[in-house]
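Please consult the sequence and the model displayed below while reading.

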Amino acid sequence: MEKSLVLLQDVTDGSLYEGVAYGTYSTRSLFQYMFLVQRHFAIGHFEHPWLLKHFAFLYRTILPGFQRTVAIADSNYNWFYGPESQLVFLDRYVLRNGSGNWLADVIHQNRVTDGLGQASKAHRWCTLHTEFIWYDPGLIPKPPSDFGTSQLHHFEDWGVVTYGSPLPADTNRSFLSFKSGKLGGRAIFDIVHRKKYKEWIKGWRNFNAGHEHPDQNTFTFAPNGVPFITEALYGPKYTLLNNAVLFGPAVSVGCFKPWAGQVTEACNSKWLKYKDGLAADAQGKVEAAMERQGMVFIRGEGRSAYNQELRIRSFQRNLLLLHPQLLVVVDHIHLDPASQTRAMSAFFHNTELSFKHTTADGVHGAFVFHGEDRYKMFWMDDTGYSDKGMVGYWNYPQGYPFNGSHYVNVTMPLRYPHTRVAYVFFGPGVEIQSFSLRGDDQRVDIYLASKEHTYTIHLLTAEVTSQALFAMVLVDHKKIVFEKEAAVVDRSPKEVEEYVNLMEDNLQHVKPIFQQMERHILRQVLNSASFRKTAEHLLQFSDKKKTEETIEKIFAMSSKQGKGKGGERVNFGEKLSESLPDIFAQIEVAEKKDRQRTSMRMYEDSPEEGDGNSRAFLDYVDGRKNRKEGFVKGRKFKEVHMVATAGSEGLSSTSSYIRLFLILNIVTFFLLLSVLLTRFQRGRSLKTQRCFYTILLIDSSILLYLYSSCSHTQC
């Protein structure tokens, strides 16, 4: 856990790459660990940079209505565990402003108790105890200062942009998300490819990206809070089960010939491909994410998520939110001269509502019903071509928690050197009257007329443009500009300095306490029958060949405890603790060997899949092999000597001396007292008697001091 917390310093946006649902799976245990090591070992992680930003990961990913979240990667409709427990933890130990308590209360009040989105029986109550422990009633629930207004948020490590969350469900309270990032998130991807943290990391084998999806350049849209274009949740890892694009004809074996999906899709596995080959290098990129005068522009580049032999020079996906209920998506595909790619096939999903065909003025589209309202979409390429799409339902195989997803499939021809396809999505509050587009080498122009407004969009798609703009929108004599100088800049963090020592600085607080606990436990066990049971429990993870021999040795020693030579009582706990091996060290070594065997067996049996349900299984290299025994040298501390074992031995030696002096002093005290009572009661001068009384008083003081010291050292 300490190593994971070091690596999390590279995650600069507070996110977890497996998504919101599986993110709560991780934080359920991570937050308990932080709490326990702070409470018992004074190891403080509450100022961790990742933790300071984690509230945004929970707050900015909620759809209007507080019942659903961004379902990126394997997910249900919201959270697996919590998130009330995690939110009250953040408020008590990190935020201290009432925002965590407020969001926990709002989520609890809006919880789905029956139907889609309700918590499963396995998850419903298992974080209730930690929520009770961490809740601070002194923090008055208070929403963040920007609550009530739509905000744009970019998770730069995760590669996700969200807009509009969280808000009450209402008209024009809309939500938009976009995903285009590095496999495993920027931090993990760069750790693997730049060979950072060499003492611990051995490439992708240290990480589990199996719960991610082939979803670069995908988006979701919920106008009025109604899920119109959604993620397909926990299902097979196919590109077509995301709001993504396939290209054809395929140049290699794929899941659905003649189409080629993203290189990470898995045809015969529940888990994403990520460990080797082209899949290990897959990535997308958010190039722009900005808001201007209530409009939002997002651009992603996804060519590196596809096979290089397709010779796609650029695959841009541009999103323009012109109105809370009006979204324009433009795909720009630029082909190399040698490319044989001739078609694209785009998919759009809704897990609940079925799509139906529609057409207007020769432009094809689809729509869904939500109550009495229609949510519509239309599509067209830059030549004015619009073909009828395919609507249907994709059934998931057995073994997945969901049945499947409704979809629209739009297929368009590709031309050299570039093709643009535009899709318009709008809610019942917008009525589109006309829609057209045309383009040249530099840009594509889109014309939209609604009942209330006329929009002219100039979208610059070339690598080098005459103007330093991404896009410009003209609406009702008003101009909105999205400038290139506001483009997203990728700034990967540097490796944490002296990361091995940093971890050891924290572990130095833990090991002496466990060593002291070991000796304390052994000292307290005096009954031979119960001792055998305790010894078997402590040694069950140690070297199996030596376990029985060690237990027999302990049992024999416990049977012989009694008085030693000269009437001195044998300190069984002290003698036993000195004669035994370091049990906790044996357990640590045994557990590490077991992890390595499990990891090797997992990799050999199924190198492509790994253990999809293992929680980001980490098999770190032991960074202490070349470290000097006895002390660690850290960034924040001078040389700190690990003196738990030596101190315990010195303490035992001191106890023996104190015990010896205490016995001698008791003998001396009673000897002086008997002499005073028998020989100095009569016939002695008053001065002599006073002298003996003084000596007796001094000896009694020494006796009390020795008794106190003996009690303190448990001699």
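Which residue in β18 is the bridge partner of phenylalanine 435? In this predicted model, the partner in β18 is leucine 448. The strands concerned are β17 and β18 (residues 443–450), which pair in the antiparallel sense over seven bridges.

These two strands belong to an open sheet of five strands, ordered β17-β18-β19-β20-β21, with antiparallel pairing. The edges are taken by β17 (432–439) and β21 (478–483); each has a single partner strand, so one side of each lacks a neighbour in the sheet. On average, and with direction ignored, neighbouring strands of this sheet are turned by 10° against each other.

The following table gives values for the protein chain as a whole.

| Property of the protein chain | Value |
|---|---|
| Helices | 16 helices |
| Strands | 23 strands |
| Residues that count as buried | 52% of 715 residues |
| Accessible surface | about 34100 Å² |
| Part of that surface belonging to carbon and sulfur atoms | 53% |

Contacts within the chain may also be described by sequence separation. Of the contacts between residues at least 6 apart in sequence, 66% join residues at least 24 apart.

A single residue illustrates the local detail. Threonine 61 lies in the loop between α4 (54–59) and α5 (84–95). Its relative accessibility is 0%, and threonine 61 therefore counts as buried, the cut-off being under 20%. Leaving aside residues up to four places away in sequence, threonine 61 touches Val20, Ala56, Arg68, Thr69, Val70, Phe155, Trp158 and Ser165.

Note on methods. Residues numbered from 1 in each chain as written. Predicted model: local features only at pLDDT ≥ 70, side-chain atom pairs only at ≥ 80, totals over all residues. Heavy atoms only, no water. Helix = DSSP H or I, 4+ residues; strand = E, 2+ residues; numbered from the N terminus. Buried < 20%, exposed > 50% of the residue type's maximum accessible area, 1.4 Å probe, protein only. Contact = heavy atoms within 4.5 Å. Pairing = 2+ DSSP bridges. Axes fitted to C-alpha atoms, helices over the stretch in contact; angles between N-to-C directions. Areas by Shrake-Rupley, 256 points an atom, 1.4 Å probe, with all protein chains shown as cover.
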